[in-house]
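This report describes the surroundings of a ligand and then some local features of the chain. The sequence and structure come first.

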Amino acid sequence: MAVEDPTETPRVRIDGVGKQYDSAQGPVQALDDVTFDVEAGEFVCIVGPSGCGKTTLFRIIAGLEAPTNGTVSLDGDPVDGPGPDLGLVFQEYHLFPWRTVAGNVGFGLEKTDTVDSGERRRRVQELVDLVGLDGFEDSYPRDLSGGMKQRVALARALAVDPGLLLMDEPFGAVDAQTKKMLQDELLDIWTETGKTILFVTHDVEEAVKLADRVVVMAKEPGRVREVVDVDIERPRNRSDDAFGTHYQRLLDLIQE
Ligand code: ADP
Ligand code: MG
């Protein structure tokens, strides 16, 4: 086996991860021997049918759930509980309804005593601008569209400047037009910040548009079917041949 270059430690290493749940109907093998790496700064999408263990895998990476087998490490350190270097974004926005946009975005910063209130306000404004919500600082979630709420959730996840973003079907609940805008904005933010992104989606077109690599999962038990490189220059256009080829290949793998 090749000796690893320590400067090339993957940001995320998922190594032989298995997860068994005990349910009333008996044991459920949610994940079986899942192994793949995500390099620092890489954008990796995960696609697969409902129930193939995508959310379970995220909960394990985030340290919210312990695997039954295997390990996950972040920059070489095994995950054994929730850590700070991680931002989470879900399909359901999980915003605090009683907090304003600025209050939601600044939430994570309030818990860190290294940031004083002036610095916090500055950072919050920067993030609000970054996600295109300038002018909505004092609005409440109930007054925002789905797309805007998802922008708030993204800004909140970015606030503590995590090295890794885990996004679980973040654009699954917004309309097609808004989704396209959010995808472009996310790609801009990714390019600007150099974050590592692990992104679950149902939408194969979304995966081809966003990812450096796509992990295709299968279910019962949840496992990796194949990892597909998406070596298409950005910005990507769905009408390009290469886009169509990758799209079809992924669709075939999922339907296999
Ligand atoms: P996905 O996000 O890909 O839809 P999940 O990770 O939510 O998949 O679920 C994977 C499998 O594990 C499913 O069969 C689901 O029913 C089961 N599962 C998930 N969470 C639990 C739990 N807390 N207890 C029992 N079974 C669970
Ligand atoms: Mg899920």
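An oxygen atom of ligand 1 lies 2.9 Å from an N or O atom in the side chain of K54. This is a polar contact, meaning a pair of N or O atoms within 3.5 Å; within protein, one must be able to donate a hydrogen and the other to accept it, and residues adjacent in sequence count only if both atoms are side-chain atoms.

| Residue | Atom of the residue | Distance to an oxygen atom of ligand 1 |
|---|---|---|
| K54 | side-chain N or O | 2.9 Å |
| C52 | backbone N or O | 3.2 Å |
| T56 | polar side-chain atom | 2.5 Å |

Ligand 1 exposes 570 Å² when taken alone, and the protein buries 61% of that (accessible areas by the Shrake-Rupley method with a 1.4 Å probe).

The model is predicted: local features need pLDDT of at least 70 and side-chain atom pairs count only at pLDDT 80 or more, while totals for chains, interfaces and linings use all residues. Residues are numbered from 1 along each chain as its sequence is written, chains are lettered from A and ligands numbered from 1 in the order in which they are written, and side-chain values use heavy atoms, with hydrogens and water left out.

The shell around ligand 1 consists of Y21, V28, A30, P49, S50, G51, C52, G53, K54, T55 and T56, where a residue counts as near if one of its heavy atoms lies within 4 Å. By class, five of these residues are nonpolar, five are polar and one is charged. Both β2 (26-38) and α1 (54-61) supply at least two residues of the shell, and α1 gives the largest share, three residues. Helices (H or I, at least four residues) and strands (E, at least two) are DSSP runs, numbered from the N terminus.

Elsewhere, there are five aromatic pairs, counted for rings of Phe, Tyr and Trp (its six-membered ring) with centres within 6.5 Å; planes under 30 degrees apart are stacked, over 60 edge-to-face and the rest tilted. F96 and F107 form a tilted pair, with 4.6 Å between centres and 55 degrees between planes. F96 is in the loop between β6 (86-90) and α2 (101-105), and F107 is in helix α3 (residues 107-110), eleven residues apart.

The peptide bond from E220 to P221 is cis, and P221 is in the loop between β9 (213-218) and β10 (223-229). Another cis bond joins R234 and P235.

Conventions: Ala, Val, Leu, Ile, Met, Phe, Trp, Tyr, Cys and Pro count as nonpolar, Asp, Glu, Lys and Arg as charged, and the others, Gly among them, as polar.
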